[in-house]
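Trainee: Could you walk me through this model before I set anything up with it?
Mentor: Gladly, let us look at it together.

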Amino acid sequence: MSRIVRRRPSAGLVVALVALFVALGGGGAYAAFKLPTNSVGSQQLKNHSVGPAKLTTWVDDQLNEVSKLNTGKNGTNGATGAQGQSGAGGAAGTAGQQGSVGPQGPQGSQGSQGQQGVAGQEGSQGPQGQAGAASLLTWTYGDIQVPDPSGDCGNVWATDTYDTAMEVTPQANGSYLVSKYLTGSFVTIAGTDQPNPTASGSKCGVDAQKGGINGTFQGIETWTVGTGPTSFDPTAVCASCSKAASSEAQNADFMSAYFPGSTYSGAQNYDFVYHTISNGSWVHSNTPDNDTGNITG
């Protein structure tokens, strides 16, 4: 078996280590731990008085002392330097993607009313609408063709073709006002007197018409039925009113159908206007103009 031989550090080794640590400590450490020359030697160290453990402990203690001596206090902070110049701005970055549309906000309050604008031009007149339905007390008869005996000489001077509307209006005393509206055309009959020859400087039976003169006319006749409460049947039907032989016969048929028991005595007021393009006009009326004008040819 081999045997481990332990050797004690020599006095020269110890002195060398002490010198090393003194040198590492700097000037201050050297002053604090300076020993007289040749003050430590073999004569001062007894055998086994300085072992490895003590030497190690002693070295550590010396290093700690040196560390404390070398560590100085922190100095005071220096004054803050002046702020440097701002650097040049960087290049603008690329635009980000557009965000999604947000929800619609609440409706704002209504603003004040503005000034009225200038009126626009009036548009052209539209087509005439269809005729409305007849009222409860109106009856219409169309395309009636009858002779016209209204000549001032008491003769039939034209043939009339017209539409008529019979209107019944109740009165406050219980009677009824019947109004007959006529709209149509006429053609003169040859060989008869003009409707009013005296207006053209002639006389009845002197200047006969040539006939065939066409024109238009409009007229109205009115009369009152009863002088008090009168029997009236608005649901009646007058079948013969569209086929009457004359205007007066139509009036009598209407009275017989809608006013049973009453008698027709003729129109109390009438007013007709006849007109041609180039042969004159004639007004046949009992008020206010009576018979004026004439139709020649």
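Trainee: Before that, what kind of model is it, and what was left out?

Mentor: This is a predicted model, in which local features need pLDDT of at least 70 and side-chain atom pairs count only at pLDDT 80 or more, while totals for chains, interfaces and linings use all residues. Residues are numbered from 1 along each chain as its sequence is written, and side-chain values use heavy atoms, with hydrogens and water left out.

Trainee: OK, how many helices and strands does the chain have?

Mentor: The chain has four helices and seven strands, where helices (H or I, at least four residues) and strands (E, at least two) are DSSP runs numbered from the N terminus. Along the sequence they come in the pattern α-α-α-β-β-β-β-α-β-β-β.

Trainee: And what share of the residues is buried?

Mentor: Of the 297 residues, 27% count as buried, with buried meaning under 20% relative accessible area, exposed over 50%, and partly exposed in between (1.4 Å probe, protein chains only). The accessible surface of the chain comes to about 21000 Å², and 51% of that surface belongs to carbon and sulfur atoms; the areas come from the Shrake-Rupley method with a 1.4 Å probe.

Trainee: Now the second largest pocket: what is its volume, and which residues lie nearest its centre?

Mentor: Its volume is about 310 Å³, a volume being the space filled by probe spheres set on grid points that are joined across faces, edges and corners. The lining has 19 residues, of which Pro 149, Ser 150, Glu 221, Ser 247 and Glu 248 lie nearest the centre. A pocket here is an open set of points on a 1 Å grid over the protein atoms alone, where a 1.4 Å probe fits, with protein on both sides within 12 Å along at least five of seven lines, and lining residues have an atom within 4 Å of a point.

Trainee: Which elements contribute to that lining, and which classes of residue?

Mentor: The elements giving two or more residues to it are β1 (138–148), β2 (158–170), β4, α4 (247–258) and β5. By class, the lining has ten nonpolar, five polar and four charged residues, with Ala, Val, Leu, Ile, Met, Phe, Trp, Tyr, Cys and Pro counted as nonpolar, Asp, Glu, Lys and Arg as charged, and the others, Gly among them, as polar.

Trainee: Where does Pro 149 lie?

Mentor: Pro 149 lies in the loop between β1 and β2 and counts as exposed, at 56% relative accessibility. Leaving aside neighbours within four places in sequence, Pro 149 is in contact with Asn 155 and Val 156.

Trainee: And what does Ser 179 touch?

Mentor: Ser 179, in strand β3 (residues 176–188), is buried at 6% relative accessibility. Beyond residues up to four places away in sequence, Ser 179 touches Ala 165, Met 166, Glu 167, Glu 221 and Thr 222.

Trainee: Last one, what is phi for Asp 143?

Mentor: Phi of Asp 143 is near 55°, a positive value in a residue other than glycine. Most residues other than glycine have a negative phi. Asp 143 is in strand β1 and counts as exposed, at 60% relative accessibility.

Methods: Contact means heavy atoms within 4.5 Å.
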